[in-house]
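Please walk me through this structure, starting with the sheet and moving on to the residues packed around it.

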Amino acid sequence: MADSAVALEDVASVDIMTELLRRFKCSSKPDKRLILIGPPGSGKGTQSPMIKDDYCLCHLATGDMLRAAVAAKTPLGIKAKEAMDKGELVSDDLVVGIIDEAMKKTSCQKGFILDGFPRTVVQAQKLDEMLEKQGTKIDKVLNFAIDDSILEERITGHWIHPSSGRTYHTKFAPPKVPGLDDVTGEPLIQRRDDTPAVLKSRLEAFHRQTEPVIHYYGSKGILANLPAEKPPKEVTSEVQKVLSS
């Protein structure tokens, strides 16, 4: 048992009951193996936790998994750290191996949501090969499709008051006085990632990388394009429709 494991007798009864009820509810859910694709600001991060809870899936974010494997010093984690220390990219085979390891966790029993991977067709093929060996496959790829101009309005309208963390949006939640915090009257700032120039290059990179991946899954007939420009509640109901079909 890992050092961080808690002895069962030390866990409060209410927590054990809650977990048992959750597992009971989950036992009747169909298995789902999903991939989420979407540019920054597409609402993917809002929908992902809801899908995870509704279908009892585990959320596999490749960055987090790599860090966890490195911290746990698993054989693959050690190899990944060697690559990182040399300033090299972690190879596709290593990342797929780490996903393979992570999938074996109890929390991934009903399936998973993969976020941030695959980013290339080669990665998608390697993932498919690995899943095939396990006798399983990706069920659905949810593409949070949204026009760049809508994203630009969503993201470049973000302003923050640095010392309090209060956030504003020039269109959807504007400050009383443009450019100033409502409470202190201090100037608002924009995060570097939210500026038009940075967003434009991020979106260009995203499209260049993911268009081929989107076509790859489209040709397999498992791609679902979601209208990500709609309000979150409407996107949620679209997600539910897609996943119950």
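**The sheet and its surroundings**

Five strands, in the order β2-β3-β1-β4-β7, make up an open sheet with parallel pairing. Strands here are DSSP runs of E with at least two residues, helices are runs of H or I with at least four residues, and both are numbered from the N terminus. Two strands pair if DSSP finds at least two bridges between them. The edges are taken by β2 (58-61) and β7 (223-227); each has a single partner strand, so one side of each has no neighbour in the sheet. From one strand to the next, the twist averages 25 degrees.

This is a predicted model, in which local features need pLDDT of at least 70 and side-chain atom pairs count only at pLDDT 80 or more, while totals for chains, interfaces and linings use all residues. Residues are numbered from 1 along each chain as its sequence is written, and side-chain values use heavy atoms, with hydrogens and water left out.

Within the sheet, β1 (residues 32-37) and β4 (residues 140-145) run parallel and are joined by four bridges. I35 has V141 as its bridge partner in β4. Helix α8 (residues 196-219) lies across β1, β4 and β7 and runs at about 145 degrees to β1. Such angles run from 0 to 180 degrees between N-to-C directions, with axes fitted as lines to C-alpha atoms, for helices over the stretch in contact; contact means heavy atoms within 4.5 Å.

Strand β3 (residues 111-115) contains I113. This residue has a relative accessible area of 0% and is therefore buried, the term for values under 20%, with exposed meaning over 50% and partly exposed in between (1.4 Å probe, protein chains only). Beyond residues up to four places away in sequence, I113 touches L34, L36, S48, I51, K52, L57, C58, H59 and L60.

K44 belongs to helix α2 (residues 44-55). Is K44 buried or exposed? K44 is buried, because its relative accessible area is 15%. Neighbours within four places in sequence aside, K44 is in contact with L36, I37, G38, D115 and F144.

The whole structure holds one aromatic pair. It is formed by Y216 and Y217, edge-to-face, at 5.1 Å centre to centre and 75 degrees between the planes. Rings of Phe, Tyr and Trp (its six-membered ring) pair if their centres lie within 6.5 Å; planes under 30 degrees apart count as stacked, over 60 as edge-to-face and the rest as tilted. Y216 is buried at a relative accessible area of 15%, and Y217 is buried at 0%.
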